[in-house]
Amino acid sequence: MSKEERGKRADLLQGTLDLLVLKALSVGALHGLGVSQRIEQITRGTFRVKPGSLFPALHRMEEAGALTSFWGESVNNRRARFYRLTPAGRRQLDRETEDWNTIAVAMATALKAT
């Protein structure tokens, strides 16, 4: 695999992670572990996001204005940073969901073609 192909694959994976984070947070604020657990839940275990991928994505998305964060206590009384969607993040979720649905239909159609 060439360097360019690896870069495109990383972009695709980053875009997928961003969309999953947005979807996970669409139900309300969650701390990092909660985001990871919610992604695993909504994908029925297909995606398990490791902290080394999740936390840089959360910080990047916060810097981009899609998320906001605040400090709070987790269910086990530990201090944790919670994340929630901003209005811009909700619009991004809607836009990217529509894009992914279009891509999924096109890919399904292409793969059925003979």
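Is Glu40 buried, partly exposed or exposed? In the predicted model described here, Glu40 counts as partly exposed, at 29% relative accessibility. The side chain of Glu40 meets that of Arg48 in a salt bridge, with an N to O distance of 2.9 Å. Arg48, by contrast, counts as exposed, because its relative accessibility is 61% and the cut-off for that class is over 50%.

The protein contains four helices and three strands, arranged along the sequence in the pattern α-β-α-α-β-β-α. Of its 114 residues, 31% count as buried. Among contacts between residues at least 6 apart in sequence, 47% join residues at least 24 apart.

Confidence in the prediction was examined next. The mean pLDDT of the protein is 89, and 88% of the residues reach 70 or more. Among the elements, strand E3 (residues 79-85) has the highest mean pLDDT, at 97, whereas helix H1 (residues 3-25) has the lowest, at 71. Over residues 5-12 the pLDDT stays under 50, and for these residues the model has three contacts beyond four places in sequence. Where pLDDT is low, the predicted coordinates should not be read in detail.

Helix H1 also includes Thr16, which counts as buried at 16% relative accessibility. Beyond its neighbours within four places in sequence, Thr16 is in contact with Phe47 and Trp100. Trp100 belongs to helix H4 (residues 87-112) and is partly exposed, with a relative accessible area of 32%. Trp100 also contributes to a nonpolar surface patch of about 420 Å², made together with Ile103, Met107 and Leu111. Patches are made of residues with over 30% relative accessible area; Trp100, at 32%, is one of the residues in this patch. In an α-helix, residues three or four places apart point the same way, because there are 3.6 residues a turn.

A search of the whole structure finds two salt bridges. Asp18 is buried, with a relative accessible area of 10%, whereas Arg60 is partly exposed, with a relative accessible area of 30%.

Aromatic contacts were considered in turn. The count comes to one aromatic pair. The rings of Phe70 and Phe82 have their centres 5.6 Å apart and their planes at 15°, so the pair is classed as stacked; the cut-off for stacking is planes under 30 degrees apart. The pair joins distant parts of the chain, with Phe70 in strand E2 and Phe82 in strand E3, 12 residues apart. Phe70 counts as partly exposed, at 28% relative accessibility, while Phe82 is buried, with a relative accessible area of 13%.

Helix H2 and the loops were then examined. In helix H2 (residues 32-42), the residues Gly32, Gly34, Val35, Ser36 and Ile39 are buried. H2 is followed by Arg44, which is placed in the loop between H2 and helix H3 (51-63). The phi of Arg44 is near 55°, a positive value in a residue other than glycine. Arg44 is exposed, with a relative accessible area of 81%. A positive phi in a residue other than glycine is also found at Asn77, where the value is near 60°. Asn77 lies in the loop between strand E2 (67-73) and E3 and is exposed, with a relative accessible area of 59%.

Terms used. Residues numbered from 1 in each chain as written. Predicted model: local features only at pLDDT ≥ 70, side-chain atom pairs only at ≥ 80, totals over all residues. Heavy atoms only, no water. Patch = residues over 30% accessible without salt bridge, like charges linked within 9 Å, V, L, I, M, F, W, Y side chains within 5 Å. Areas by Shrake-Rupley, 256 points an atom, 1.4 Å probe, with all protein chains shown as cover. Salt bridge = Lys/Arg side-chain N within 4 Å of Asp/Glu carboxyl O. Helix = DSSP H or I, 4+ residues; strand = E, 2+ residues; numbered from the N terminus. Buried < 20%, exposed > 50% of the residue type's maximum accessible area, 1.4 Å probe, protein only. pLDDT = per-residue confidence, 0-100. Contact = heavy atoms within 4.5 Å. Phe/Tyr/Trp six-rings, centres within 6.5 Å; stacked < 30°, edge-to-face > 60°.
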